[in-house]
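Welcome! Have the structure open as you read.

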Amino acid sequence: MDVEETPLPGIGLRREIVLDNGRRVGIVTHRDGQTELIISRLDDPDACLASVPMSVEEAATLGGLLGGPKLVAQLSEEHSELPGVSTRQFPVTEGSPFSGHALGEARIRTRSGASVVAIIREGQVMPSPAPNDTMNPGDLLIVVGTPDGLDAAAKILHGG
Amino acid sequence: MGGTTLVLIELGLVFLGLGILGRLAARIGMSPVPLYLLGGLAFGNGGLIEFASINEFSHIASEIGVVLLLLMLGLEYTARELATGLRQSWQAGVVDMLLNFLPGALLALILGWGGIGALVLGGVTYISSSGIAAKVLTDLGRLGNRETPVVLSILVLEDLAMAAYLPVLTTVLAGASFLGGLQAVGAALLAVSAVLFLAIRYGQRITGWIHSPEQETFLLKLIGVALLVAGLASAMQVSAAVGAFLLGIAISGATAESAVRVLAPLRDIFAAMFFVVFGLNTDPASIPPVLVWTIVLGVLTAGTKMATGWWAARQAGIGRWGRLRAGAALIARGEFSIVIAGLAVASGAIVPELAAVVTAYVMLMAVTGPIATRFAEPAVRRISRQPEAEPAS
């Protein structure tokens, strides 16, 4: 994908991509580190439909959400030769009983047979997390297992 | 009451008044500059109350204000941005200068203010307020728009043009001959190219030298270097303001950002003082007689900025609504028009009516510019009956 970079003198830098339908979607990074999500209009492609200021954390979390499916797709591709193994992503929500707790405390592997192979936090992929790594609200867990095991893992994350 | 007591009381009243005016401006989302000018008009020569004891302080404070304004402007840009801007959009820069310098210069000639008056008023109508424009575009969420880089690069070029224009102005105002003026241009261009080259090449080293881990020593070093460079530039007839601007360009990266942070409060105080002093020195009674000419000039130069933005945006392949937005964004004039007029007033080489025109002109344009930026497109859409439509996708 081509990312178009446009310097905004005195303000910062704009990076954007053009979608299939012609819409430009991108971010403006201000000098002071603030980020803005921009989406162009369809009827006037020069103008913007929305321009949403975000904190660094919010932007990173959104980046993680957007990047998650691609990672899952890649992992599924790798597992496609192993029938019965699939990959799914689970968000860690504020309300989850394990939010803020160590990964090991949920004992997902023992109770469901599925394993957490990566945590996506603020846009960064942390592969092979250790049992003492914490799960924070906003994190995405990438879990590999059988469909039943994945369902069980989802239940554990939501209900404890 | 002793002299110092009176100075403290008067200064206190002035800053308090400015604070209240600034708050008012912020509430209605406009630039505080026109209100500061208004404050100056009210308290100065021929105004409601005359504050005489703070003359000495306010004079020096306003000089420092100009240095800080230009230093901060330089800090906003990196040398590379300026060099790229110069390479990529010099054509728009030339169109901008021709279309917007000439109306002011012509009016000055018509009114019989001579060559110096033409040079001053041309500069005043030429330079858009990059401060106001950048803030309005950010506030309106237009940083993602395609025409915005076009607008910003025109503003960059104008600011860079100031580095050549101000030395010429200072020399001419000092009563130099045509040859002297040419020498000033030569010296200024040489200084600007040397600084751009040094800043791109050795910017890191200059920056590293000024940088300091403690905020206090950093601020002292920064102000020390800025005043020193400004003073030396002034001694070399290159204009103190330009020296500060070039220093700002040479400082880059993270140091520039922390410099902006520590300098901003100081700039606010001294620059406010500068605008007030300009207003103080203008007799409010001198404005009504020139009001009609000012409005004519305002309408004309709003049109020429519109044309500039339209042309530049079309060159960049932008549609007509974007061209309209680009033109409107350039209309605002502000701090640097006052800097130019301030230099002229201080030299005493111009007629008082010129200061009156500039005061009224900047108040008019600093207010109408942001309004035009916001409403130009909706207004034209309504008149031409082409409502915005975002089709569902």
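## A pair within chain A

D43(A) is partly exposed, with a relative accessible area of 33%. Its salt-bridge partner is R41(A), and the closest N and O atoms of the two are 3.0 Å apart. R41(A), in turn, is buried at 12% relative accessible area. Please keep in mind that this model is predicted.

Another salt bridge in chain A joins R24(A) to E16(A), with 2.8 Å between the closest N and O atoms. Here R24(A) is buried, at a relative accessible area of 2%, and E16(A) is buried too, at 3%. Over all chains, the count of salt bridges comes to 15.

## A bridge between chains

Now let us cross to chain B. The side chains of R325(B) and D44(A) form a salt bridge, 2.9 Å from N to O. R325(B) sits in helix α13 (residues 320-329) of chain B, while D44(A) sits in the loop between β4 (35-40) and β5 (48-54) of chain A, so this pair joins two chains. R325(B) counts as buried at 3% relative accessibility, and D44(A) counts as buried at 4%.

This pair belongs to a network of salt bridges that links D44(A), E147(B), R325(B), E377(B) and R381(B). As background, side chains of opposite charge can pair when their charged atoms come close.

## The interface as a whole

How many residues does each chain bring to the contact? Chain A gives 24 residues and chain B gives 27 residues. The area buried between chain A and chain B is about 2,100 Å², with 50% of it from carbon and sulfur atoms. P9(A), R31(A) and D46(A) supply 31% of the area that chain A buries against chain B, more than any other three residues.

D46(A) also forms a salt bridge with R146(B), the closest N and O atoms being 3.1 Å apart. Two salt bridges are found across the interface of chain A and chain B, and nine residue pairs are in polar contact between these chains. On the side of chain A that touches chain B, β1 (4-8), β3 (24-30), β4 and β5 each supply at least two residues. By class, that side has 11 nonpolar, four polar and nine charged residues.

## A buried threonine

Finally, take a look at T87(A), which is placed in strand β6 (residues 86-91) of chain A. T87(A) counts as buried, at 8% relative accessibility. Apart from neighbours within four places in sequence, T87(A) contacts a set of residues including V72(A), L75(A), H79(A), I142(A) and L150(A).

Terms used. Residues are numbered from 1 along each chain as its sequence is written. Chains are lettered from A and ligands numbered from 1 in the order in which they are written. This is a predicted model: local features need pLDDT of at least 70, side-chain atom pairs count only at pLDDT 80 or more; totals for chains, interfaces and linings use all residues. Side-chain values use heavy atoms; hydrogens and water are left out. A salt bridge is a side-chain nitrogen of Lys or Arg within 4 Å of a carboxyl oxygen of Asp or Glu. Buried means under 20% relative accessible area, exposed over 50%, partly exposed in between (1.4 Å probe, protein chains only). Helices (H or I, at least four residues) and strands (E, at least two) are DSSP runs, numbered from the N terminus. Contact means heavy atoms within 4.5 Å. Buried area is the accessible area (1.4 Å probe) that two parts lose on being put together, summed over both. A polar contact is a pair of N or O atoms within 3.5 Å; within protein, one must be able to donate a hydrogen and the other to accept it, and residues adjacent in sequence count only if both atoms are side-chain atoms. Ala, Val, Leu, Ile, Met, Phe, Trp, Tyr, Cys and Pro count as nonpolar, Asp, Glu, Lys and Arg as charged, and the others, Gly among them, as polar.
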